[in-house]
Amino acid sequence: MKSESGVGARIHVVRFAPAKLNLTLAVVGSRGDGYHSLHSIMVPLSLGDALTLSPLRPGSNRDTLRITGLATPATPANLVLRAIAAARDAVEATWPGAPAVPPRLAARLAKRIPVAAGLGGGSSDAAAAIDGALAAWGASLDHERRAELAAALGSDVPFFLVGGAALVTGRGELVQPLPETQGEPPVVLLVTPRLAVSTAAAFEAYASGARHARPALALDISERLTAQIKAGLTTSALLERIGELALANDLMPAAVSIVPGMQGFVTALEKTIGRPVCQSGSGPTLWSLYPSLAEARKAVRFVRLAAVNGTLPLVGAGEPFVAAATIEGRPMPPTVQLTDGPTGTIRPRTVHNWRADQHGPDEPAREPTESKGDESR
Ligand code: C5P
């Protein structure tokens, strides 16, 4: 593969795949196609996975995926592999190397976002894989085809493909960028009980009646907040709305109904941190807002201590994942790394916005890429 560093150099495409938070998540109605219409303000976080894609030698007959960090299945059902396969099908006839098939890719995923947690980790990895695979092949797809690919992989994927804060409607495919809040970026405390919540199960519980007492409230809060953000909301004004945000996720009663012990956990967490607690997506991740990283980190320590001393009852398999992260308003800049050629030494060309100090404190900060290009054979 040719690159700007010369013939034979290997290309390593690196993508940061941020977690998302639903500031609001109103279920507007059932669509009759197995999905629900949503009105949700979604924001990317500084917590995220890192995906590296490297073309394999001609003759390789399958894409590979190696995962480090948090436990995640690397089966063909993994969204990274499905996203690469879907992107290959979409560009097969038009990419620069046609009629040859776009090369197989070796994917390495440094996983830091808890899985099936309401933080969109798998969807973000999928969006990063679409974008990264196209870059690795020198291929392009128009905006519409990319959006279609993304929506076919999952309802949250289009949000990540667009990047940045957004109002998300439809079943997730309509993504309208929103401005970031004015002032310092808001900081969020994330507390994820160690168990998986299936999105489908949460929507089923919602459909069966696990709902807030005031059904229109979440939509009302979501619409008002959208208008306020568009008009230029300050970070401190957003922080003042935490009480409302705690009522603005229509899937929270659903998660509470399907996770044994969840209501007690929410109540104990609110008591521990002295703030209202909100839910992201279909859960089980709970969150609250803080004006600074220092205060959020203090809360991280408090919550950990409460989990150890039993003030916070354990839900799922052991102590929760607890982390502080900032809300990122703007899309992450893409990065590409190029090797020198046969020796396989990677030289980063772009310093991406990986912030070691903002990861889950129980996940040691590591370089998202490795020092050898040995998978790109
Ligand atoms: O699109 P995704 O694979 O994330 O959706 C998983 C399941 O969650 C869907 O099969 C559907 O049951 C439910 N869902 C929904 N309405 C949405 C998104 C997801 O009912 N907007």
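This is a predicted model: local features need pLDDT of at least 70, side-chain atom pairs count only at pLDDT 80 or more; totals for chains, interfaces and linings use all residues.
An oxygen atom of the ligand is 3.5 Å from a polar backbone atom of Gly 34.

**The ligand and its surroundings**

- Around the ligand you will find Gly 34, Tyr 35, His 36, Leu 38, Gly 154, Ser 155, Arg 171, Thr 199, Ala 200 and Phe 203.
- His 36 places a polar side-chain atom 2.8 Å from an oxygen atom of the ligand.
- Arg 171 takes part through its backbone, with an N or O atom lying 3.0 Å from a nitrogen atom of the ligand.
- On its own the ligand would expose 460 Å², and the protein buries 73% of that.

**Helix H11**

- Helix H11 covers residues 293–309, and its 17 residues reach 24 Å from the first C-alpha to the last, close to the 24 Å expected at 1.5 Å a residue.
- Its buried residues are Leu 293, Ala 296, Ala 299, Val 300, Val 303, Ala 306 and Ala 307.
- Viewed down the axis of H11, these buried residues fall within an arc of 140°, so they line one face of the helix.
- Ala 294, Lys 298, Arg 301, Leu 305, Val 308 and Asn 309 are exposed on the other side of H11.
- The packing partners of the buried residues of H11 are strand S8 (187–192), helix H10 (262–273), strand S10 (286–290) and strand S11 (321–326).

**Helix H6**

- Buried in H6 are Leu 217, Ala 218, Ile 221, Ser 222, Leu 225, Thr 226 and Ile 229.
- Down the helix axis, the buried residues of H6 fall within an arc of 160°, so they line one face of the helix.
- The cover over those buried residues includes strand S2 (26–30), strand S3 (36–55), strand S6 (166–170), helix H7 (235–240) and helix H8 (242–245).
- Just after H6, Gly 232 adopts a positive phi of about 100°.

**A buried alanine in a loop**

- Ala 139 sits in the loop between helix H2 (121–137) and helix H3 (143–153).
- Its relative accessible area is 12%, under the 20% cut-off, so Ala 139 counts as buried.
- Ala 139 and Trp 95 are 44 residues apart along the chain, yet their C-alpha atoms are separated by 4.9 Å.
- Setting aside neighbours within four places in sequence, Ala 139 is in contact with Val 91, Trp 95, Pro 96 and Leu 134.

**Backbone details to look for**

- As background, most residues other than glycine have a negative phi, and most peptide bonds are trans.
- The peptide bond from Ala 98 to Pro 99 is cis, with omega near 10°, and Pro 99 lies in the loop between helix H1 (79–91) and strand S5 (105–111).
- A cis peptide bond also links Gly 283 to Pro 284, with omega near 5°, and Pro 284 belongs to the loop between strand S9 (278–279) and S10.
- Ala 116 is not a glycine, but has a positive phi of about 50°.
- Ala 116 is located in the loop between S5 and H2, where its 35% relative accessibility makes Ala 116 partly exposed.

Technical notes. Residues are numbered from 1 along each chain as its sequence is written. Side-chain values use heavy atoms; hydrogens and water are left out. Helices (H or I, at least four residues) and strands (E, at least two) are DSSP runs, numbered from the N terminus. The expected span of a helix is 1.5 Å times one less than its number of residues. Buried means under 20% relative accessible area, exposed over 50%, partly exposed in between (1.4 Å probe, protein chains only). The arc is that of the directions from the helix axis to the C-beta atoms. Contact means heavy atoms within 4.5 Å. A residue is near a molecule or strand if one of its heavy atoms lies within 4 Å of it. A polar contact is a pair of N or O atoms within 3.5 Å; within protein, one must be able to donate a hydrogen and the other to accept it, and residues adjacent in sequence count only if both atoms are side-chain atoms. Accessible areas come from the Shrake-Rupley method with a 1.4 Å probe; for residues, only the protein chains shown count as cover.
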